[in-house]
Amino acid sequence: MSSFEVWAAGRPLSGVSPEALLAKVQALFPKATPAQLARFTAGTRFIVTRVPDEATAKRVVEALNKAGAPSEYVAAIAQPPAASLPGAERAEVPAKATTAPQPGRAPTKPSGAVNRSAMAGGRKPPSSVPPRKPDSKRPSLLGRTFMVIAWLLTVGTIVNLLTRDWRAIITLPALAIAIPAIARRIPIKAQAAILVGIVLAGLLGKAAIGIQHWSEHRHMVSTFEKERGTILGAMKTDIAEDRPAAALALSEKWKDVGDAEVAALGTTALKNLRATVAKGDATALRGFSEKDFPQYQELFTKLTSVAREQQEAARRKAARTVSDDCLQDSECLYQKAGADGKIACSDALSSLAEKAALHAYRWTSTLSRYSQYRYKRPGAITYLGNEMEFQNGVGLWVHQRYECDYDVVSRKVLDGRILGAAR
């Protein structure tokens, strides 16, 4: 970096208020302390050194002149200020200096402390200018690390509390470290102590839960060993008397003891229960819930589906039941036959067409193949239509008439006939 010096006139200012001059100089040197800015308004001589280049030095002189401090630019000095000079570390802050050199004579040094300020790094500021304190609002690396850990603990606490795990409340003190405004008021050692305490409390809680589970398991094993014969006998009785759900509930209750016979009986009970549910037995799961065995919801859904299918089948059967008054009523028989009669007749006529057609056949309609119907005999009707075509020897398609006799009571096709080309 080149070395340039800017010298002020060194006489008290007149015609400029200290407040206006201080505001303009503060805008020029925003990082300077109030004590350093006050030097400009005191009217003393000063030197600005270590500016980046000549253009910058001239801009500084111009700014000082506009601020009411008569200044001039002097060529670069031959030697930079000594490293031992105070105030040599602040490159952008002006300070006191020796008297400015006048044209034709060497600069003189006034009485008092050294008043020249060098602007280079690595040197201590003058004793009259207190060093700028570091920004205490910015947390250290360790503080930021603690803050991240605290946020993770806080998020975990919130999630656990939402799942009604109230033991997570022991991690709430981490919230004090997670909030920057609060964390800045807590010493870093206290933050470390809080986090270590939370971790230790979590480990101790987990260990306590593990000990509790181990104690409960040992008690369960001890109880099962005493009552093993009674438990196995009850499971076998439930399976034999067609109460598989009760046997499955006992198997689920004692599964943690690791007994092979209990597991085998539980498998048999589940198999039998699935078979009972498939039959639609509504009493299969009565008195039980998903707390008794984990397969309850699956079996209940299956039972509901089977019961619905059985109800639908019963409804269809009741709809197909033909009363005595309907046996000789063609319209009533047609309604009772429904779609079942049309589908059965279409299958029968398709089989006939495969044998009767010389080349090929096709249906020209899917939904309305039968345009008419008539009474055949008590309980039976005849469907009539002409939505079938045969292909002749020259490739043309010719409509065919057909009939189908259908017994509504037995739900069977009595006869099917293809009558020939439609007129």
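A search of the whole structure finds two disulfides (cysteine sulfur atoms within 2.5 Å). This is a predicted model, where local features need pLDDT of at least 70 and side-chain atom pairs pLDDT 80 or more, while totals for chains, interfaces and linings use all residues. Residues are numbered from 1 along each chain as its sequence is written, and side-chain values use heavy atoms, without hydrogens and water.

Me: Which cysteine does Cys345 form a disulfide with?
Reply: Cys404, with the sulfur atoms 2.0 Å apart. The pair links distant parts of the chain, 59 residues apart: Cys345 lies in helix α11 and Cys404 in strand β8. Helices (H or I, at least four residues) and strands (E, at least two) are DSSP runs, numbered from the N terminus.

Me: Are Cys345 and Cys404 buried or exposed?
Reply: Both are buried, meaning under 20% relative accessible area, with exposed over 50% and partly exposed in between (1.4 Å probe, protein chains only).

Me: And what is the S-S torsion of Cys345 and Cys404?
Reply: About -80°, so the disulfide is left-handed.

Me: What about Cys326 and Cys332, how far apart are their sulfur atoms?
Reply: 1.8 Å, and they form a disulfide. Cys326 is buried at 2%, while Cys332 is partly exposed at 24%.

Me: Switching to α11. Where is the kink centred?
Reply: On Gly338, at about 80°. The bend is the angle between axes fitted to the seven residues ending there and the seven starting there.
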